[in-house]
Structures are given as structure tokens and as C-alpha cells.
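Have the sequence and the model open beside you as you read.

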Amino acid sequence: MLEFVIFFKGMCRILAYSNTTEQDMKEVIHHLPFLAKNGNVPIGFRKGHSEGWGMVGYRNGELVFKHRSSEPVYNDEKFTAQARALIETTPSIFIGHARKATIGKVAVTNNHPFIYKNLSLCHNGSFFQSQELPLKSELKEKIQGSTDTEHFFYYFIQLLEEKGAVTPLTIRTALKGVIKYLRKHHEYTALNVVLSDGKYMWALREVSETDRLVKLLKLTSYFTLYWGNFQKQNSFVVSSEQLRMPHVKWNLLKNHELIEYDTHTHKVKSYSL
């Protein structure tokens with residue numbers, strides 16, 4: 001097993017929420033350290049997603065907060081102050097990420113969410129030979145870290161810009177284009193993604209059913225993504241795993257399923273990839 005494990009990377013926890021109620025937003029944000037410290041890990045791996053964290057916040061469709069750190073979120077003295085600063089922006093969307101790096105240096109530039117203009121993206125999983133993606137030189141130059149996720153993000157941006165306009169349709173089309181390309185040209189464990197443009201939020205669960213690591217380590221049960229609603233209306237929460245929130249009804253995303261949440265109408269749509 002060790003032969004495979006030493007090449008395995010990309011274990012993270014994702015947490016996202018949309019609502020305008022400050023108390024609920026505060027509750028969700030403060031679950032991020034708990035999720036990072038106590039969240040699921042594959043059998044044989046140490047507990048803790050401790051190689052950094054990041055958060056973004058949107059209000060009225062605009063990015064109003066961003067912060068990344070290479071410290072463990074559950075031990076980072078700055079988390080409380082940063083969470084307070086985020087909440088003070090009265091965000092309608094929050095996205096958080098805790099990184100568990102088994103390969104690759106611990107560095108702020110490798111922490112999620114990755115941001116381009118008003119778009120932000122978090123990812124859980126790995127794909128290999130990421131530097132072989134057919135990225136244009138001007139987008140390659142924007143990459144600051146060494147993660148596969150950042151390459152994924154900029155390839156998505158490339159396909160999106162080729163569409164000429166940023167709309168829910170073109171975002172879905174570009175995301176599907178990345179997945180289609182990776183299925184054909186790259187090996188991967190999972191491509192679980194949470195993405196936002198400030199007005200919508202997308203959550204994708206994409207786990208390889210043929211990857212040898214996924215089969216060997218039974219990772220389908222690790223690479224999960226759940227979504228749910230608070231009992232109160234007009235709320236939406238996404239998590240890598242079910243959290244103990246008695247007022248949230250959780251729904252497991254099917255494999256190859258993309259869901260789209262509209263913060264204006266509060267409708268959830270599902271698409272099959």
C-alpha cells in the first residue's frame with residue numbers, strides 16, 4: 001500500500017454557506033476549525049487537515065473578503081479575528097477550505113480558495129501531470145503555487161473566457177469542459193469542487209471509479225460532498241462531510257453531479273456530468 005500512498009495527495013475539507021442571517025453564518029464559519037481538526041481521513045492517515053486554510057466572502061455579488069494562511073486553522077490565533085472581519089462584511093456567501101498536504105510544500109500560495117477577478121474555487125482531490133494542461137502562456141504566468149488545483153482553476157478560466165461572457169451557462173459549460181478533458185487525458189482521484197461568482201454557488205462531486213488509488217484505499221467514501229438547507233428558508237450549505245447541525249437536512253451529491261444554487265431565487269438545480 002505504501003507504494004501508492006506516497007504518491008497520493010489532495011486531501012482537503014471544504015465548507016460553504018449562503019444566507020444573510022448573521023447568526024447562522026457565524027455558526028457555519030466556526031465549524032471550519034472543527035472540520036479541519038476532526039474531519040474524516042482515509043484509513044491509515046493521521047487525523048487533521050493542518051496544512052493551511054482560506055476563506056472568501058461575497059456581498060451583493062461582489063468579493064468583499066479573502067484570507068489565506070499556511071497555519072493549521074484550529075491552532076491559528078488569527079482565525080477568530082479573520083472570522084470576525086468576514087462576518088462584519090455581512091456576506092451572503094462564505095467559502096472555506098482546510099488543506100491536508102501529503103506531497104507539496106506548505107505555503108500560502110498553495111492554499112485555497114484560488115481567486116480570479118470575482119471567481120473563487122476550492123478543490124478536494126488530485127489529478128496528475130497538471131503542468132501538461134494546455135494553458136495559454138498568459139494564464140500560466142498567473143500561477144503562483146505548485147498545486148494541481150491552481151492549474152485546474154486557470155484552465156477553467158481559459159475555457160470560460162473563450163465563451164466571451166460570464167453567465168451561469170458559460171460557467172457550467174467551462175466546468176464541464178475541464179472535467180471532460182481530464183477524464184480523457186489525465187488520471188485523477190477526485191475533482192470535488194466548490195465555485196462561486198458571488199451570485200451563484202456550484203458544487204461538483206467527481207470521483208474516479210477506475211483510479212487504482214481510489215479502489216485500493218476505498219476513497220469513494222472519503223471524497224464525498226453534501227449539501228443541505230437550514231430549517232430557515234433561503235439558506236444553502238455545502239460540506240465535504242455531514243456536520244452535526246440538527247437543523248440541517250443533508251443530501252449526498254451523487255458521483256458526477258453538479259448542483260447550482262442561485263442566491264437571488266434560492267433555487268437549487270442539479271446537472272449530470
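1. A word on the model. It is a predicted one, where local features need pLDDT of at least 70 and side-chain atom pairs count only at pLDDT 80 or more, while totals for chains, interfaces and linings use all residues. Residues are numbered from 1 along each chain as its sequence is written, and side-chain values use heavy atoms, leaving out hydrogens and water.

2. Back to Glu162, which sits in helix α6 (residues 148-163). Helices here are DSSP runs of H or I with at least four residues, strands are runs of E with at least two, and both are numbered from the N terminus. With a relative accessible area of 49%, Glu162 is partly exposed; buried means under 20%, exposed over 50%, and partly exposed in between.

3. Now look at helix α2 (residues 22-29), where Asp24, Met25, Val28 and Ile29 are buried. They sit on the same side of α2 because they cover an arc of only 135° around the axis. That arc is taken from the directions from the helix axis to the C-beta atoms. An α-helix has 3.6 residues a turn, so residues three or four places apart point the same way.

4. How many salt bridges are there? The count is four, taking a side-chain nitrogen of Lys or Arg within 4 Å of a carboxyl oxygen of Asp or Glu. One of them joins Glu51 and Arg46 at 3.4 Å, N to O. Glu51 is buried at 9% relative accessible area, whereas Arg46 is partly exposed at 47%.

5. Next, Glu260 and Arg172 form a salt bridge, with their closest N and O atoms 2.8 Å apart. Glu260 belongs to strand β12 (residues 257-262) and Arg172 to helix α7 (residues 168-185), so the pair ties together parts 88 residues apart in sequence. Both ends are buried: Glu260 at 5% relative accessibility and Arg172 at 13%.

6. Finally, the side chains of Glu206 and Arg183 meet in a salt bridge at 2.9 Å, N to O. Glu206 is in the loop between β8 (200-205) and α8 (212-217), and Arg183 is in helix α7, 23 residues apart. Glu206 is buried, at 0% relative accessible area, but Arg183 is partly exposed at 37%.

How values were computed. Buried means under 20% relative accessible area, exposed over 50%, partly exposed in between (1.4 Å probe, protein chains only).
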